Amino acid sequence: MPLTLSELAADHAEEGMQPYLWTMNFGPQHPATHTTLRLVLKLDGERVAAAIPDIGYLHSGFEKIGESLDFNQYVTVTDRMNYISPMSNNVAWHMAVEKLLGIEITPRCSYIRTIICELMRISDHLLCLGAMGLDIGALTYFMYAFNARETIYDICEALCGARFTNSYTRVGGVMCDITPQVVQMIRDFLAEMLKVMDDLDRLLGRNRIFVDRLQGVGVLSKEEAINRSCSGPVARASGVVRDLRRDEPHLAYADFDFDVCCAREGDCLARYQVRMAEMAESMKILHQAVENIPAGPVNVGPDRRSILPPPGKVWTTIEGLISHFELVMPNRGMPVPCEEVYAAIEAPNGELGFYVVGDGSPRAYRARCRPPSFIHFALFPQLIRGHTLSDIVAVLGSLNIIAAELDR
Amino acid sequence: MPIEEIVNSLRVSFGDPQAGAPPASAVPIVTSWRGTTRVVVPAEKSYDVLAALKQQHGFDMLVDITCVDYLNYPGARDRFGLVYLLAGTETGLRLTIRVFVNEPEPSVRSVVGLWEGANWLEREVWDMFGIRFQGHPDLRRILMPEEFTAFPLRKDYPLQGLGERHNFPVLTRGES
């Protein structure tokens, strides 16, 4: 969105007093923004005097589309919000829908969803840290991180057939059950990941150049973090001890033993360290989860009228055919109350919630997403003020801004 | 303090003492569904209620501000419903505040003074629904282009748009 006349006039007035300030465009096409976002910078030499974010380049009306697709169709759109951890978005969306419909998922399903959420957290943090290293100049680090992400994509492929945009969950369950082969792949991945974590830590954790680039840059105080609605690793790096996995246990998190990782400093280095520590905690949760997946059905029963019956039943039995018909006809479908709910999960980036309004039809009347990237990017002008041009990539990387989620 | 006591103290501070109606229909109206407590607050009192919740009851975090357009919604009386999702980082409680506003000129007092995080959230609601936030320091469109005139998430705005994309000015090679 371009700047308004009033703002440009104000800029000119300011320029009259500070003729030495340069105006520079950062983005929307810049390798370090990784996606499309634009910053208008006011530079005093190499120092950033002001940064005006300009977003909306990737706005695609996801919330409007949510009003015309039904609860199961919209999951494909949630994939495209934070495409670094698509299954987390799937889980968040269907958790909100199930809360609206009053569906209680089976224990097996909640374990599977926990496992994929934690895999996605590792994947998201690996990308965030890898890209941050890349922008700062540590290309090897990026390769190590992306190599491990590749294994996660392989697991996704074995789990549901898709590597990138998975659309794995369904109302009342998941697309297909987890197999022993996938469980074994996750076990192997965890063993491999130990070495990757070690490598990553030894490459940059105490690297003098890297630490100097991050320490004391983009400091966010605890009060500011709360006041500006921060959540997730960004808030925890500033000392806000808030983790929805512990505070509002959803899915199967109440069964597992894990720590909430926090730091006090609130600078880019603290955010880096919190993400590293969270990956170790995710591995701890995964270890406990894959060994204890409960037996039993993965989807809720047909009497809940939410899950399509398996194709074999539809083709060979009249009951299967009827329940399939009841679900897919536009005037039948799931029983939806005229109510509204908000449900949130602790996504890799922070609190990811959906506010869903039902009006009796099988479509959401309103499907609002609470995007953590949007809220964290609003911090940026304040975090970068007074730092140098080269610190922009460090701060952007530490906030993990995903423009598709930012603009939706 | 449990959520019921907070809601009761809201009733005492902001309820209408003259009404004499049973508490359920008194202002503010409180409902609870699936473990979430929702409080409906009149638009002119919304800022004061939110300020009291932040300063006295520990709701120090504004999780989200969003809006729902209730055009043709079954049983709806008001056009727009603003939704403030609050959370307490120390108390761990959540509360939903709903404020109904109507056309023409739907507007409500901005809460940027209470939570800095409301800045972009209110800009997004203005951009998508056209609800004015009085006292907002920088109420511009945030996702849509500045020259856009409609409010796309209103229910009377069609999914495929009003042809804005087709009417973009075409710049030829000679002109550029």
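Predicted model: local features only at pLDDT ≥ 70, side-chain atom pairs only at ≥ 80, totals over all residues.
Some housekeeping: residues count from 1 along each chain as its sequence is written, and chains are lettered from A in the order in which they are written. Local features need pLDDT of at least 70, side-chain atom pairs count only at pLDDT 80 or more, and totals for chains, interfaces and linings use all residues.

Okay, confidence. The model gets ipTM 0.87 and pTM 0.88. Residues 17-26 of chain B fall below 50.

Now the chains. Chain A puts 36 residues into the contact and chain B 33; contact means C-beta atoms, placed from the backbone, within 7 Å. On chain A, elements giving two or more residues include β6 (340-347), β7 (350-358) and β8 (364-370); strands are DSSP runs of E, at least two residues, and helices are H or I, at least four.

Last, α4 (residues 86-101) and α5 (residues 107-136) of chain A. They pack at about 140°, axes 8 Å apart; axes are lines fitted to C-alpha atoms over the stretch in contact, and angles run from 0 to 180 degrees between N-to-C directions. M87(A), S88(A) and V91(A) of α4(A) meet R113(A), I116(A), C117(A) and M120(A) of α5(A).

Conventions
Contact = placed C-beta atoms within 7 Å. pLDDT = per-residue confidence, 0-100.
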